[in-house]
Amino acid sequence: MKSTTPIKRAPELKAFSHDHHHGLLLCWKIKTGMAKNIELKRIKEYVNWFYQNHLQTHFELEEKYIFTILEADNEHIQQALKEHRRLNDLFEATSDLETNLKCIEKELEAHIRFEERILFAEIQKSATKAQMETIEEIHSKEAFIENEDANFWT
């Protein structure tokens with residue numbers, strides 16, 4: 001069995017990693033809801049709520065403050081931006097709910113793993129102290145607030 005070393009995350013990026021944790025939970029909730037045969041419309045309503053209340057702002061902050069630390073033509077930045085566009089399209093889609101939700105679950109998880117394992121590691125190595133301080137300052141200090149009304153995954 002392959003052992004993995006825990007990721008050493010810079011303190012300034014921890015709030016974004018915490019967001020990623022909630023994104024991974026969203027993926028789990030989608031998968032769990034579908035396995036429990038929860039009405040797809042109900043799952044999609046929660047997914048829309050999560051996107052509007054958490055993910056859109058997260059993407060905007062990453063693009064404005066984190067991704068700009070590296071050169072715009074950096075292959076990892078280009079990949080992250082492409083994945084953000086694709087995910088935005090998936091979240092905003094209204095047709096073929098089952099396929100759409102499965103794609104969100106799969107692609108969001110892959111995107112988060114990419115950012116955590118590759119992109120953030122590269123950014124940590126390249127960022128100046130001032131850039132890292134800015135990253136820490138711009139992220140909301142508010143705790144994640146769950147939409148308890150949607151609780152279909154328990």
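**Charged pairs**

A: Glu-45 is partly exposed, at 46% relative accessibility; buried means under 20% relative accessible area, exposed over 50%, and partly exposed in between (1.4 Å probe, protein chains only). This is a predicted model, where local features need pLDDT of at least 70, side-chain atom pairs count only at pLDDT 80 or more, and totals for chains, interfaces and linings use all residues. Residues are numbered from 1 along each chain as its sequence is written, and side-chain values use heavy atoms, with hydrogens and water left out.

Q: Which side chain does Glu-45 meet in a salt bridge?
A: That of Lys-41, at 3.7 Å, N to O. A salt bridge here is a side-chain nitrogen of Lys or Arg within 4 Å of a carboxyl oxygen of Asp or Glu. Both residues lie in helix α2, four residues apart, about one turn of the helix; helices (H or I, at least four residues) are DSSP runs, numbered from the N terminus.

Q: How many salt bridges in the whole structure?
A: Eight. One of them joins Lys-31 and Glu-105 at 3.5 Å, N to O. That pair links distant parts of the chain, with Lys-31 in helix α1 (residues 14-35) and Glu-105 in helix α4 (residues 97-126), 74 residues apart.

Q: Is Glu-105 buried or exposed?
A: Buried, with a relative accessible area of 13%. Lys-31 is partly exposed at 47%.

Q: And what about Arg-113 and Glu-109?
A: Their side chains form a salt bridge at 3.5 Å, N to O. Both sit in helix α4, four residues apart.

How values were computed:
Helices (H or I, at least four residues) and strands (E, at least two) are DSSP runs, numbered from the N terminus.
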